Amino acid sequence: MTTVKEIVGAMKSPTEEDRAFVEKAYEYAKKAHEGHTRYSGEPYFIHPAATAKILAEFGMDAKTIAAGLLHDAIEDARATPEDVEREFGKEVLFLVEGVTKLGKHQYHGAERHAESLRRLLVASAADLRVLIVKLADRYHNMTTLEHVPEEKRKRIALETLEIYAPLADRLGFGVLKRELEDLSFPFIDPDAYHHVVEVRKLARRETEAGLAKVQKELQKELAKKGITDFRSDVRVKGLWSLHRKLARKNDDITKIHDIAALRIIVPTIDDCYTTLGIIHALWPPLPGEFTDYIATPKPNGYQSLHTTVITRDAGIVEIQVRTEEMHKNAQFGIASHMSYKQLGKEAPKSTFASLSFTWVRALMPSLLHFSRKQTAEAAEVSHQAEAPRWLSELADAHASIAGSKEFVDGLKEDFFSHRVFVFTPKGDVVDLPLGATPIDFAYAIHSGLGNHMNGAKVNGKLTTLDSELANGDVVEIMRRESAHPTAKWLDSAKTSLARRHIRLALGMTDPEASRRPRRRRMRPQKKKETGA
Ligand code: MN
């Protein structure tokens, strides 16, 4: 059992007050979970205590750590929201309730719902710390997944791999992304897992001695140029990441040069480029394998110089050069900006605004990707054929305005106010435009369901087919073979997908013709004439 001493010991320079706060939460949560056990038969409190220690190691503030200790206390144990608020304040209650809410969404592996669920998680985690507690919670649960009943394991592993690891990645949380992936992998595809473990072991054994020599040689040269204040280590590629790369390279291990990469951490950006020059003078770089992520960071903020060189001792080797600051960022991403010192009262407001901005910005590429994909698939669920307007507006705003507070607030509002996220009775998320009805929902699931819809229940209660759905609604569609769409449905359907199917079912041709006069006009007149 993780002791409170271990948790406090993992915190970065806590004050007396922080210490006392965490100790109090520890004792409180321990009592609340008394008598509860985990699947393994161990006391339940093992889990929140371990989650809290992970949060302390992430460098999180005392309130977030307390939230980690209390995150299951209201849902599973004896604590009430009133208790938690009285004992630990509004902020901790807010974090705990946020985590509890996130826990209600389950992913069942429907690929089209993965992005929706990721977005939903971000949307519901109004405070990023909620998401970080949830990630720490999931991380610890993954380390004990073998105790969970077998039929549940794969679903949890899949959810971790497809929802939580990408979220960690988007927050720039490199270590966590990798841990989550590699903990899920054996439950997803045990054979491939064992294969990759073997492949990696062999490759490392082959290069280990060589890499040590390369490291030494580089050390000597750097010292000659006056760079002595540096450290280097060998980064071994994650198993899932290696598995994916092997698949891309037709399982040809000789085409993968970064199973073990040499990592050099120097004090300044200048030193990075000097070091790069020294490396290239020592060993010829492989053409086309150099990437300057310092000048052009990855979308999640990752920075480093990556080069691949040909060495005599270790063959082809990838070398990564970065500063200490970049290293911290690459490991902890957004969490590294959220240490309690930066969240304290003395922190200027602008710091937090730009932080939230980084967070939203980190989500941009995937959002844009999502909208493109939607367009390609003829806007499966969205009611617009193009990328939704709010998305392109987001992109434009992103390009023109710096991270002002108003901008960030506006962005979040835009981001979440045009869509509604609802659930199937099994907990799958369906992402619909605002104002969508059970009819849109049914067609989003399957046209066969829509065409034979006989009624709908929202949150367990019978409802009319034209009632507007709200965020978080659980929607159940009743089906009867003899039921068919009526013309009235067209007025209640918000998505083009639903309308198209209804028109087809009603025997109407040229489905969206009358609905889209503007688009018609935009077509070149000539083409239309020749076509006719
Ligand atoms: Mn938990």
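How many helices and strands does the secondary structure of the chain come to? The count is 25 helices and ten strands. Helices (H or I, at least four residues) and strands (E, at least two) are DSSP runs, numbered from the N terminus. The model is predicted: local features need pLDDT of at least 70, side-chain atom pairs count only at pLDDT 80 or more, and totals for chains, interfaces and linings use all residues. Residues are numbered from 1 along each chain as its sequence is written, and side-chain values use heavy atoms, with hydrogens and water left out.

The chain has 532 residues, and buried residues make up 48% of them. Buried means under 20% relative accessible area, exposed means over 50%, and partly exposed lies in between (1.4 Å probe, protein chains only). Contacts were also computed, a contact being heavy atoms within 4.5 Å. Among contacts between residues at least 6 apart in sequence, 66% join residues at least 24 apart.

Helix α2 spans residues 16–32. Its 17 residues reach 24 Å from the first C-alpha to the last. This is close to the 24 Å expected at 1.5 Å a residue, where the expected span is 1.5 Å times one less than the number of residues. Asp18, Val22, Ala25, Tyr26, Ala29 and Ala32 of α2 are buried. These residues cover an arc of only 135° around the axis, so they sit on the same side of α2. The arc is that of the directions from the helix axis to the C-beta atoms. Glu16, Glu17 and Lys31, on the other side of α2, are exposed.

The next element is an open sheet. Five strands form it, in the order β1-β2-β5-β4-β3, with mixed pairing. The edge strands are β1 (231–236) and β3 (291–292), each of which pairs on one side only. Two strands count as paired if DSSP finds at least two bridges between them. Strands of a sheet pair through backbone hydrogen bonds, either parallel or antiparallel.

Ser232 has Ile264 in β2 as its bridge partner. β2 and β5 run parallel and are joined by six bridges. Here the bridge partner of Val266 is Thr323 in β5. Asp292 stands opposite Leu305 in β4.

Strand β2 is mostly covered, with seven of its seven residues buried. Both of its faces are covered. Ala260, Leu262, Ile264 and Val266 are buried on one side, and Ala261, Arg263 and Ile265 are buried on the other.

Helix α12 (residues 190–224) lies across β1, β2, β4 and β5 (315–323) and runs at about 30° to β2. Helix α15 (residues 324–332) lies across β1, β2 and β5, at about 105° to β5. For these angles, axes are lines fitted to C-alpha atoms, for helices over the stretch in contact, and angles run from 0 to 180 degrees between N-to-C directions.

A salt bridge is a side-chain nitrogen of Lys or Arg within 4 Å of a carboxyl oxygen of Asp or Glu. By this rule the count comes to 23 salt bridges.

Arg129 meets Asp61 in a salt bridge (3.3 Å, N to O). This pair links distant parts of the chain, 68 residues apart. Arg129 is in helix α9 (residues 128–143), and Asp61 is in the loop between α3 (46–57) and α4 (62–70). Arg129 counts as buried, at 7% relative accessibility. Asp61 is also buried, with a relative accessible area of 7%.

Arg129 also forms a salt bridge with Glu91 (2.9 Å, N to O). Glu91 lies in helix α7 (residues 90–102) and Arg129 in helix α9, so the pair ties together parts that are 38 residues apart in sequence. Glu91 is partly exposed, with a relative accessible area of 31%.

Asp258 and Lys245 meet in a salt bridge (3.4 Å, N to O). Asp258 is in the loop between α13 (239–248) and β2 (260–266), while Lys245 is in helix α13, 13 residues apart. Asp258 is buried at 6% relative accessible area, and Lys245 counts as buried at 18%. Elsewhere, salt bridges that share partners join Lys24, Asp83, Arg86 and Glu87 into one network.
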